[in-house]
Each structure stands twice: as C-alpha cells, then as structure tokens.
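Here is a short briefing to read alongside the structure. Have a look around first, then come back for the tour.

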Amino acid sequence: MKTKGLRWWVVGLVALAAVINYIDRQAFGALWPEIAKELFPDMGPDDTKAIYGTISAIFILAYAAGQTIFGKIFDWIGTRIGFALSIGIWSLATMVHAFAKGMVSFSIFRSILGIAEAGNWPGAAKANAEWFPTKERALAQGIFNSGAAIGGIVAYPIIGLLSVYLSWQSIFICVGLVGLLWLLPWLYIVKSPPEKHPWLSKDEKLYILSGQKNQDIDEDGNFDEGYAPDTGELLKHKESWGVIIASAAIDPIWWLFIVWIPIYLNEVFGLDVKEIAFSAWVPYVGAMLGAWFGGLLAQNRLSSGWAVNKTRKMVITLGCLMMIPCFFLLKAPGSAINAVMIMAVLLFGFQTAIGNVQTLPSDMFSGKVVGTLSGFAGTAAKLGAFGLTFLIPTITKGGNYTPAFLIGGALAIIALLAVWLLCPKIEPLEAK
C-alpha cells in the first residue's frame, strides 16, 4: 500500500502530540486556583504563587535535562520508538498528578512529566529533518509548533468545562489517557524512516531525500551522508552556539506566558478558574497563526529563490521586531481583554521567529546529529526558562509584572543578535 503525502501524516501526528503535550502541562496552571484552595487553604496569594512558581521551576529544570536526554535517545533509537517512549511516560506522569498531596509530591510528578514531555521537541526536529526537504522544513516546523499553540487554545476551555463536572484529580487522569491513545496511530503509521518505509511512493521518497541537500552533498539520494560531527566537534562551531544562545534567549519568552497567564489574569484582574478558561486561550490563537505564517513565509521565499541564510534571518528578525513593542504595551494594558490581545500579537511574533530558529540545526548539519544539537539548544532554552520562572514570584510581588515584561523584551533582542552574529551564513557546514 502506497500513501500519498505520507510526510504530512507524520507531521500531523507530531503536531497532535504537541496538542496533547500542552493540554497535559497546562492543566496544572488552569487548575491551580482550585488546587491551592484545597491544599493550601490558609495561605495568601503571594505564598501560593511562590509554591506554584517553585513547582513550575522544578518542572522546567527537569524539562531542560529531558531535552538533552531525549535528544540523545532519539538519535540512538530513532524517531518512532523515541516518540512512543516520550509520550507514554508523560501520559502516565500526568495521571499520577491525581495523587499529589502537596508541594513535594507535585514537584516529583512534574519532574517526571518534564523529562518525558521534553522529548517532543528534539523528536520533532529529527522527524522534520528525516521526512522533509529543506524548503518545506520551516512549514513543517510551523505545523508542529501550531500544535503547541492549539494545545494552549483548547486546554483552558477543556479544563474549564471538565472542572464543572469533575474534581481536579479526575481531570488529570482523563487528560493523561488521551496521550496513551495517541500511541495507536503513531506506531501503525510511522513504521520506519522514509528510506525504508513500505508505504512511501518512489516519487515522494525521491522528493524528500533529494531535497535534503545539506545531508546529501553528492546528491545521490543517500540521506545518511552529510556532515555529522561528534559532540566535541559539534560544539566547536560558533554556529552551534548561535543556535544554543538564540534558543536560550527566545524560549523563556514562551514560558513566561504559558506558565504565568492564568496566575497573571487571576492576580491582576481577579479572574477565577472558569473566567480564565474562556480568556487565557486567546494568546494561543496568535501563536497558532504565527506558527503558520512563519513557516509559509519561509517556504514562499525559498521557493522564490531566496537563499536559506537570507530567508531564516529575515523571518526571525521580523518575528522579534513584532515582540519587542508588545512587551512595553503590557506594562499598562488597561483591561484583561487588552492584555490577552497584546499577548496574542506578541506570541504571533514569537512563533514566527521560533519555527525558523528550530530549523537551524537541520539547515547546517546532517540528520544524524540534529537531535543532539536540538537537545543541547532545548536544554539551554529550558535553563533560561527555569531562571525566569524562578524569579517571577520575587519580581512580581504585589501584582507588578512590569519587570518580567522588560526582561522579555531584552531576551528578544539577545536572540536576534545571537543569530546574526554567531551564524554569519546559514548553510551546510563542513569539517574544520
């Protein structure tokens, strides 16, 4: 049986995994007002915010470690089993949240969740490198990233609706089960990489492999060729550090919002769980549209004959320039509606940029090491997010989030400089 457009089925499943990933992780923030009321009834808002911030920071620290761990795992055991291992563990970890009794147990369960959920990102980068030619990678990455945004969009209304009928414990069990169901179509459809997949037509196989020029220097269609340095040599390239530093700067911006949107809306505007559920999804609409826009814009420019270097830098720069003024507008939004709309524009810019940042490893190195470099970049990104998340309860005491937004604007500038200064020409690299 030959399946036309099989690569789009693969990226569709990866995007669906991202949707599930975000429903699982956002459940904690959406339910926190109820969890705090039940488990910490005698504490004030600043005290429960500090507990939430500590648990969230521990989650991100585990997530940082998981990026490198699963980057290596995906390069070792492959995309198919790597994804099955990642989503299987994180689904079970989500379910055991139902048994948490306080900060320690929540921290343990969210650590396991963080390590396993981290696999989604180096896994997506590797699947992208395996299944797509260079000119389609930004679009494929955009589709995947839009899965994260869609997860953010649907998570809050779903959790809000479930909270009407179920306890917070039951909600964790329900959303965890969804990930286990995802394993069935994944293991059935993704039988092997494209070189050996029995359902892939000859034309599509040739289209995919011949378009991976940075992995096929002599253009004979052999995916396994290309520059695949060992870890030590990989880190000697300043371009690798450009990817790592850009990721470390830009990614905390995303985490600033996905972790703190519900707490911000509750603390600054007094919204309860149900009100949060029907407003906190708005920024993710901007993120979803930005993911598609960044991918389509890059594909359009590459198809028009632009070089990869010019295309990536233009799209990344455009995204960062959209974000920076939004951080200043958030200092005094005036209302919850204004705040979520500004966040929507900001996250549109973020996703426009990040999808192209995430394709840089596959633009410059062989698919054999894409998971490794993506894992290093992901770990650096999550360490940056950990640091910012850990600081938020301290720098936002009394509900003043201006310092956090100013830091976000500075991070966007740093990410932009890292790409321009450390990646002077984005193209297939060779051994030094």
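This is a predicted model: local features need pLDDT of at least 70, side-chain atom pairs count only at pLDDT 80 or more; totals for chains, interfaces and linings use all residues.

**Salt bridges**
- A search of the whole structure turns up 8 salt bridges.
- One of them joins the side chains of Glu117 and Arg25, at 3.2 Å from N to O.
- That pair ties together distant parts of the chain, since Glu117 belongs to helix H4 and Arg25 to helix H1, 92 residues apart.
- Arg25 is also buried, because its relative accessible area is 4%.
- Lys382 and Asp251 form another side-chain salt bridge, with an N to O distance of 2.9 Å.
- Here too, distant parts of the chain are linked: Lys382 lies in helix H15 (residues 367–395) and Asp251 in helix H10, 131 residues apart.
- Both Lys382 and Asp251 are buried.
- The side chains of Lys425 and Glu427 meet at 3.8 Å, N to O.
- Lys425 is partly exposed at 48% relative accessibility, and Glu427 is partly exposed at 33%.

**Largest pocket**
- The largest pocket has a volume of about 400 Å³.
- It is lined by 19 residues, of which Trp32, Pro33, Ala36, Thr48 and Asn266 are the closest to its centre.
- Two or more lining residues come from each of helix H1 (6–39), H2, helix H10 (238–269) and helix H11 (273–277).
- H1 gives the most to this lining, with 5 residues.

**Nonpolar surface patch**
- Trp76, Ile77, Ile81, Leu85, Ile89, Val104, Ile108, Ile112 and Leu187 make a nonpolar surface patch of about 820 Å².
- Helix H2 (45–77), helix H3 (79–95) and helix H4 (103–117) each supply at least two residues of the patch.
- Ile108 sits in helix H4 and is partly exposed, with a relative accessible area of 45%.

**Helix geometry and a contact far along the chain**
- H2 has 33 residues and should span 48 Å at 1.5 Å a residue, so the 45 Å between its end C-alpha atoms agrees.
- Gly78 follows H2 and has a positive phi, near 95°.
- Pro325 is located in helix H13 (residues 308–329), where it counts as partly exposed at 42% relative accessibility.
- The C-alpha atoms of Pro325 and Gly409 are separated by 7.8 Å, although the two residues are 84 apart along the chain.

Methods
Residues are numbered from 1 along each chain as its sequence is written. Side-chain values use heavy atoms; hydrogens and water are left out. Patches are made of residues with over 30% relative accessible area and no salt bridge: like charges are joined within 9 Å, nonpolar side chains (Val, Leu, Ile, Met, Phe, Trp, Tyr) within 5 Å. Accessible areas come from the Shrake-Rupley method with a 1.4 Å probe; for residues, only the protein chains shown count as cover. A salt bridge is a side-chain nitrogen of Lys or Arg within 4 Å of a carboxyl oxygen of Asp or Glu. Helices (H or I, at least four residues) and strands (E, at least two) are DSSP runs, numbered from the N terminus. Buried means under 20% relative accessible area, exposed over 50%, partly exposed in between (1.4 Å probe, protein chains only). The expected span of a helix is 1.5 Å times one less than its number of residues. On a 1 Å grid over the protein atoms alone, a cavity is a set of points where a 1.4 Å probe fits but cannot get out, and a pocket is an open set with protein on both sides within 12 Å along at least five of seven lines; lining residues have an atom within 4 Å of a point. Grid points are joined across faces, edges and corners, and a volume is the space filled by probe spheres set on the points.
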